[in-house]
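Please look over the model below before reading on. The text then goes from the overall fold to single residues.

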Amino acid sequence: MTGLDDAPLPDSHWWLEDPELWPLLAFEGGADGHGRPVDATWTDRQQVLEDLIRRPGPVDIDFARCLLVQETHSHGHAWGFRHGIELAAILVAEHRQVQDVWLTSDSLRRSSRRRSRWGWSLSVACRRVHSTPALYRSWWGMMPQVSKLR
């Protein structure tokens, strides 16, 4: 959607006003000329996430969930680690909705699989917000695996 010569994306208010625009930020997996995995929209999502994280107060929960799902798909497809998955998980976790425990847990697993030291910090951030015993047990059960990745 954006390129080097394109204008910057509209601010987060524009995205929040109309949910029909959200598919423009959807994960678009593919491969480059060398066969490496790419996500054509990751830079756009990153820009929106950075704008949203700077806003005071919680953002629209449905938009935050949409962005987290797209970031999780992107991490499952691409190589490496980007901070967008952390930002999206924090935006979802700050709503403290029990139904989002599995969504944030899935993002944690994806980010940890990428052998990222950030997977652990993401789990701590989400754990502080959700504070459910089942979530603690699931993350503490993963702790030996995460510590091996360091």
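Residues are numbered from 1 along each chain as its sequence is written, and side-chain values use heavy atoms, with hydrogens and water left out.

The average pLDDT (the predictor's confidence in each residue, from 0 to 100) is 75, and 67% of the residues score at least 70. Over residues 130-150 the pLDDT falls below 50; this stretch has 28 contacts in the model beyond near neighbours in sequence. A contact here means heavy atoms within 4.5 Å. Where pLDDT is low, the predicted coordinates should not be read in detail.

The protein contains seven helices and two strands. These are DSSP runs numbered from the N terminus, with helices being H or I of at least four residues and strands being E of at least two. Read from the N terminus, the order of elements is α-β-β-α-α-α-α-α-α. Of the 150 residues, 41% are buried, where buried means under 20% relative accessible area, exposed over 50%, and partly exposed in between (1.4 Å probe, protein chains only). The protein exposes about 8400 Å², with carbon and sulfur atoms supplying 55% of that area. Accessible areas come from the Shrake-Rupley method with a 1.4 Å probe, and for residues only the protein chains shown count as cover. Among contacts between residues at least 6 apart in sequence, 62% join residues at least 24 apart.

The largest nonpolar core has 20 residues, and those with the most contacts inside it are Trp15, Val48, Leu52, Phe63 and Leu67. Helices α2, α3 and α4 (84-93) each supply at least two residues of this core, and α4 gives the most, with six. A nonpolar core is a set of buried Ala, Val, Leu, Ile, Met, Phe, Trp, Tyr and Cys residues joined through side-chain atoms within 4.5 Å.

Helix α4 is mostly covered, with nine of its ten residues buried. Among these buried residues are Gly84, Glu86, Leu91 and Val92. Which residues does Val92 contact, leaving aside its neighbours within four places in sequence? They are Ile61, Ala64, Arg65, Leu68, Asp100, Leu103 and Thr104. Val92 is buried, with a relative accessible area of 0%.

In helix α2, the buried residues are Asp44, Arg45, Gln46, Val48, Leu49 and Leu52. The buried residues of α2 pack against α1 (12-17), β2, α3 and α4. The 13 residues of α2 should span 18 Å at 1.5 Å a residue, and its end C-alpha atoms are 18 Å apart, which agrees. The expected span of a helix is 1.5 Å times one less than its number of residues.

A search of the whole structure finds five salt bridges, each being a side-chain nitrogen of Lys or Arg within 4 Å of a carboxyl oxygen of Asp or Glu. Side chains of opposite charge can pair when their charged atoms come close. Asp39, Arg45 and Glu71 are linked in a network of salt bridges. The closest N and O atoms of Asp39 and Arg45 are 2.3 Å apart, and both residues are buried. Between Glu71 and Arg45 the N to O distance is 2.7 Å. That pair links distant parts of the chain, with Glu71 in helix α3 (residues 61-77) and Arg45 in helix α2 (residues 42-54), 26 residues apart. Glu71 is buried too, as is Arg45.

Another salt bridge joins Asp62 and Arg65, at 3.4 Å from N to O. Because Asp62 and Arg65 are three residues apart in helix α3, they are separated by about one helical turn. Asp62 is partly exposed, with a relative accessible area of 43%.

Two further residues remain. Pro37 is in strand β2 (residues 37-39) and is buried, at 19% relative accessible area. The C-alpha atoms of Pro37 and Ala78 are 5.1 Å apart, although the residues are 41 apart along the chain. Arg96 lies in the loop between α4 and α5 (101-113) and is exposed, at 55%. Its phi is near 55°, a positive value in a residue other than glycine. Most residues other than glycine have a negative phi, and most peptide bonds are trans.

Conventions: This is a predicted model: local features need pLDDT of at least 70, side-chain atom pairs count only at pLDDT 80 or more; totals for chains, interfaces and linings use all residues.
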